[in-house]
Amino acid sequence: MFTSGFDPNDVGWRLGRSSQPRGVELWCRYDRTTGVYGEQGSGKTLDLLAPALLAHRGAGLATLTKLDDLLLTAGRRQQPSGPDEPPRPVAVLDPFGAAPGLPELVWDPVAGCVDPRIAERRAKAFAAGTVAGAVTGGRQDNAARFYAAETAKVLQGFLHAAALTGRTLEHVLEWVANPVAAEQPAEILQQHPHAARFWDGLLIGALHGSPDTVGNTVTTVQQAMALFFQPDIRARCVPSRGRTATDLADLIARRGTVYLLGREDPYASAAPLMTAVAEHVLDTALHVAATSPHGRLTPCFLACLDELPSTTPLPTLRVRMANERALGLSFIYAAQTWKQMVVSYGDDEARSLFGLTNNLVIFGGGKDVHFYRELSDLLDDVRISRRTFTEGPGGMGTSRSGEDVRVLRPGDIRRIPERHALVVAGTAPPIIARLRRCLDGKDGQQLTTELDAARARLSRARPDTDDVEQRTAAALAYARDHRLDPSRHVDPADPPAAPQSETRSW
Ligand SMILES: Nc1ncnc2c1ncn2[C@@H]1O[C@H](COP(=O)(O)OP(=O)(O)OP(=O)(O)O)[C@@H](O)[C@H]1O
Ligand SMILES: [Mg+2]
C-alpha cells in the first residue's frame, strides 16, 4: 500500500503487470539495471524504453536509430516535469541531419583532452564503436578488438596533442588522414612539458611495425573518425563560429534529455561518435551527481540505451552499472540478439554484463535456441509432487513421488505472445508480464496525434534537397577555368610548381 504523497514514479518506472503469477503491478527501481532482449519489432522500444523515458522526471540520455522513436518522446520530454516546474531542454546529436528543427547537440571531441584520462577514455570510446562494423565486414572479433586497442593508442595521442597546443578537430583529421606521415603529434607529445609521459612511445609504437598490422590500424583509426570526414556532418556536430558547444552539465541540471540519433548504415556507422558522446554525457552526469548537495542525482539520471550493441557499445557500461546506480544514474539497455552483444563486447564481457543486469526482460519470437536454452537453464527446475492412484487386483493404492519439471522450456520462451515478456528479476521466480505499449489506449491515441504533428513539423523544417546537377555544373565550370579538366593537355615532362616552403611550428 502506498502512503499518501508517495508516487512510485519517483523511485522507479512501471514495467507492466504480471500475468503469471496473475495480477501484480511490476515496477523497476531506478537503482536496478534492466536489460531488454527481443528481436526486431518485438516491442522493446514501444513497450519498455519509451514508456520509461516518458514517465521519467529527471534528466536522461536516449540512444536510438529510428527517427520515429525520437519524435515519440522528444515533445513530452520538453514539457515541465511538474506543475510549477520550468520546461525541460533537449539536445539531439543528429549527424545525418534526420531531425531538422530540433535543438542540436554540438560537441567538441578535442575539448578537455589536455587531461590524459579524458583523452584516453574518449579515444577508447571512439575505438570501441568500430568493433561491430569490423566484424560485420568480415574481420574476426578478437582481431577487431586488437585493432580497436591500437586505434585507441593513436587517437588518444592525437587528441591529447591537439588539446595541448590549441589545435582543433580539423588538425586531428589532417593527422588521421595519414597517421604514419604525421610527425607533429609525436613531436608535441615528446616536447610539451604538460604532455602525458611515454605517450609519444605508445603513438609511435602503434604506427610502426609490420606493414599489415599498421595498415589495419590506420584503417581502423580512419573508421573511428569517418563521420567527421563528411563536411556537413562535421559542421552539424562540432562547434564553429556562432555555434558553441552544448553545456551538458546545465542541461542535466535542468532535467533535460540528450538524444543520440544514429542509423543502421553499413557505409557510415555512427557508433564511434555516439559511443564517445555517450561516455562524455555519462561522465558529465556523474560529475553533476558528485558535486550536488547530496552526492547523488535526484531525481536520477536515466540512460535508455536502445540498440546498445549497434549504437553505443560503451566499454565502461559494466563498471558503470555496478558503481553509478548508487549515485543516481540508472541504466536500461536493449539488444535484438545475444549474438550482437557478443560481437560488440566479446563473450566474457557480454556474460559479465548479462550477469550484472538486475532485471532481464526477454521477448518471445526469437530464433536463438541457445540463448533461450541458457535462460531456461537459468530458471532451473521446480520440484512438483505427484500422487499416483493405482487400481489392481490387490485393491486401490496411492503413491507419492517427486519430479523435476522445467519452469519454462526454450520453446515456451519463444512462444511468449506479443505485448508480453519474461521477466527475470533478482531472486524472484520468473514472471510473465503483460506490458503496456505506449501507443495503446487513450493516452496512446494522444501520443500518436503528437507523433503525427511532430512528423509534419519536421517535414516542413526539412530543407529542399540539394540540387546535385547545379553543384556538378558549378564544379565543372571551376575545373575548366582553373585548368583542372581532362581536356587540357598536361605535359608530363612539365613538373608541377614546387610547393611553397612551409615553416613548421607547433
Ligand atoms: N507508429 C506506430 N504505430 C503502430 N504500431 C507501430 C508503430 N511503430 C511501431 N509499431 C509496431 O509496434 C511493434 C513494436 O515496435 P518497437 O519499435 O517497440 O519494436 P522494437 O523491439 O523496438 O524493434 P527494433 O529492434 O526494430 O527497434 C512493431 O511490431 C511495430 O510494427
Ligand atoms: Mg526499437
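Colleague: How many nonpolar, polar and charged residues does the shell around ligand 1 have?

Modeller: Keep in mind that we're looking at a predicted model. To read a shell, sort its residues by class: here you get two nonpolar, seven polar and three charged residues.

Colleague: And which residues surround ligand 1?

Modeller: Among them are Gly41, Ser42, Gly43, Lys44 and Thr45, along with Asp68, Gln336 and Leu439. Helix α1, residues 44-55, gives the largest share of the shell, four residues.

Colleague: Let's turn to strands. How do I read the two faces of one?

Modeller: In a regular strand, side chains alternate between the two faces of the sheet. Take strand β6, which spans residues 257-261. Thr257, Tyr259 and Leu261 sit on one side, and Val258 and Leu260 on the other.

Colleague: Are those faces of β6 buried or exposed?

Modeller: Both faces are covered, and the residues on each side are all buried. That makes five of five residues buried in β6.

Colleague: Which strands pair with β6, and in what sense?

Modeller: Look for bridges. Strand β4 (residues 60-64) runs parallel to β6 over five bridges, with alanine 62 partnered by tyrosine 259. Strand β5 (residues 90-93) also pairs with β6 in the parallel sense, over four bridges; there, valine 90 is opposite threonine 257.

Colleague: Now zoom out. How many helices and strands are in the chain?

Modeller: You'll find 20 helices and 13 strands. Of the 506 residues, 41% are buried, and the C-alpha atoms fill a box of roughly 115 × 55 × 50 Å along the principal axes.

Notes: Residues are numbered from 1 along each chain as its sequence is written. Chains are lettered from A and ligands numbered from 1 in the order in which they are written. This is a predicted model: local features need pLDDT of at least 70, side-chain atom pairs count only at pLDDT 80 or more; totals for chains, interfaces and linings use all residues. A residue is near a molecule or strand if its C-beta atom, placed from the backbone, lies within 6 Å of it. Helices (H or I, at least four residues) and strands (E, at least two) are DSSP runs, numbered from the N terminus. Ala, Val, Leu, Ile, Met, Phe, Trp, Tyr, Cys and Pro count as nonpolar, Asp, Glu, Lys and Arg as charged, and the others, Gly among them, as polar. A residue is buried if 20 or more other C-beta atoms lie within 10 Å of its own, exposed if 12 or fewer, and partly exposed in between; C-beta atoms are placed from the backbone. Two strands pair if DSSP finds at least two bridges between them.
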